Amino acid sequence: MNKPLRRIAIFCGLLVLALLVRDNWIQFVQADELADHKHNRRVEIARYSQPRGNIIVDGKAITGSKETNGTDFKYKRTYTDGEMWAPVTGYASQVYGATQLENLHDGILTGDDDRLFFNRTLDMITGKSKKGGDVITTLNAKAQKAAFEGLGSKKGAVAALDPRTGKILALASTPSYDPSTIAGGSKKDEEEWKRLDEKNNKDVPMLNRALRQTYPPGSTFKVVTAAAALENGLYDSIDEKTNSPLPWKLPLTTGQPLPNEGNIPCKDASLKLALQVSCNTVFGKISDDLGNEKMIEQAEKFGFNETVDTPVRTAASVYPEDNRPQNAMAGIGQASNRATPLQMAMVTAAIANDGKMMKPYMVDKLRAPNLNVVEQTEPDEMSRPMSSETAHKLQDMMENVVEKGTGTSARISGVTVGGKTGTAQRGVANSEKPYAWFISYAKGEDGSPVAVAVVVEDSQASRGDISGGGLAAPIAKSVMKAVLDSEK
């Protein structure tokens, strides 16, 4: 072979070698990355080539799949009562991806999860189409309906837990949306997506307010401040007089005294009476007496300042590092104090569960197509934010609120109910309509099967008619009754 031909042969050999190296690199090193790439349309085509598994509530599917025409995707997702369940399911869209349970358990629902390998192999041998598994939730359908219908046209959210286990029983957020309307790839789906986008919709219907929106918790936070007072030995008895002068100015300030709502007996009021009539001065001074560090410590025992995976991740509720006057205001649920509805349900559940706070979760089990359980969630203790003695004292206080105080509209005949109202200031100089809050639990012989937090972000009621007891408590009552009825 002459010299020019030899050079060409070597060059061609190097090209072949480079091609082999590149081919093997793509097949063995980059295979997973390319397979999962967001622009790999084959992945999406495969995902919707067969019906998805379902999300199950009370033994019934709240999702489904139906065949489509004129597209690469054979099936698209459907939802039963989509608006009601959207805060739980999220959406699975041929165009816009997936969120919440649809996203977090996509592998189970599509059948691609490694734990379903045996099922996939068996289907290949028998010639059957691949099937997805199911996500079995902890939700209570009646409680969810009561929460969603209770909120109605109002903007707000409800979170309900079983204090004994941490199971999430209801998770409602309004205004909501129907995930079915954005599940396909039609022009109509595209128009609905644009309408729902927060840039175009000030109501932000796709926001999960129960998990992802934080609000000043208002007077509902006074139960945390009371827990801090008892746990730190500031007061031993809920019936003894507190050191609470009236009027009382915020520390380091020269302005107006901290106001109480109406003409209520707050001077040196006991913890029990102060919670019953919701004295700002008593709990503001307690927060100041304890100091910012101890208040943060107590709030964090309840789960503030960290996120929680339910498995959908929550926003972190915040009890801030702050100066003395701001810390006093945070002690009554104002200033920079912020909480999600789920967080306040967790606080209530810990009190109802004698001081033990269970980790909240909404997925009971993951199930293979052959009905075998591939994953089971077990109740998990998250923390002990207070002693059982303190929890019992707080129960006494909260039950007194419902019996004699601001929470009487949450009474349920023949049932022990504890609660706390809250009307949280909003806007510069309290210029906007306040948030209406209510937290509560219902207690039976075997402990409390339900703890609820409700927030009404705005309503059609006039400003003077907005209160936790008037707007939020009736919703909490209906949710509690739904759970109690299902326990019978």
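**Before you start.** Residues are numbered from 1 along each chain as its sequence is written, and side-chain values use heavy atoms, with hydrogens and water left out. Because the model is predicted, local features need pLDDT of at least 70 and side-chain atom pairs count only at pLDDT 80 or more, while totals for chains, interfaces and linings use all residues.

**Stop 1: colour by confidence.** pLDDT is the predictor's confidence in each residue, from 0 to 100. The chain averages 90, and 90% of the residues score at least 70. Now select 461-466: here the pLDDT is below 50, and beyond near neighbours in sequence the stretch has 14 contacts in the model (heavy atoms within 4.5 Å).

**Stop 2: the disulfide.** Select Cys266 and Cys279, whose sulfur atoms sit 2.1 Å apart and form a disulfide (a pair of cysteine sulfur atoms within 2.5 Å). The count by this rule is one. Look along the S-S bond: the angle about it is -90°, a left-handed link. Cys266 lies in the loop between helix H11 (222-231) and helix H12 (271-277), and Cys279 in the loop between H12 and helix H13 (280-290), so the pair ties together parts that are 13 residues apart in sequence. Helices here are DSSP runs (H or I, at least four residues), as are strands (E, at least two), numbered from the N terminus. Both Cys266 and Cys279 are buried, that is, under 20% relative accessible area with a 1.4 Å probe, protein chains only.

**Stop 3: helix H11.** Select 222-231. Nine of the 10 residues in H11 are buried, among them Lys222, Thr225 and Leu230. Just after H11, Gly233 has a positive phi of about 75°.

**Stop 4: the cavities.** A cavity is a set of points on a 1 Å grid over the protein atoms alone where a 1.4 Å probe fits but cannot get out; lining residues have an atom within 4 Å of a point. Volume is the space filled by probe spheres set on the points, which are joined across faces, edges and corners. The whole structure has two cavities of 30 Å³ or more.

- The largest holds about 40 Å³; its lining includes Gly303, Glu306, Thr340 and Met346.

Terms used. Buried means under 20% relative accessible area, exposed over 50%, partly exposed in between (1.4 Å probe, protein chains only). On a 1 Å grid over the protein atoms alone, a cavity is a set of points where a 1.4 Å probe fits but cannot get out, and a pocket is an open set with protein on both sides within 12 Å along at least five of seven lines; lining residues have an atom within 4 Å of a point.
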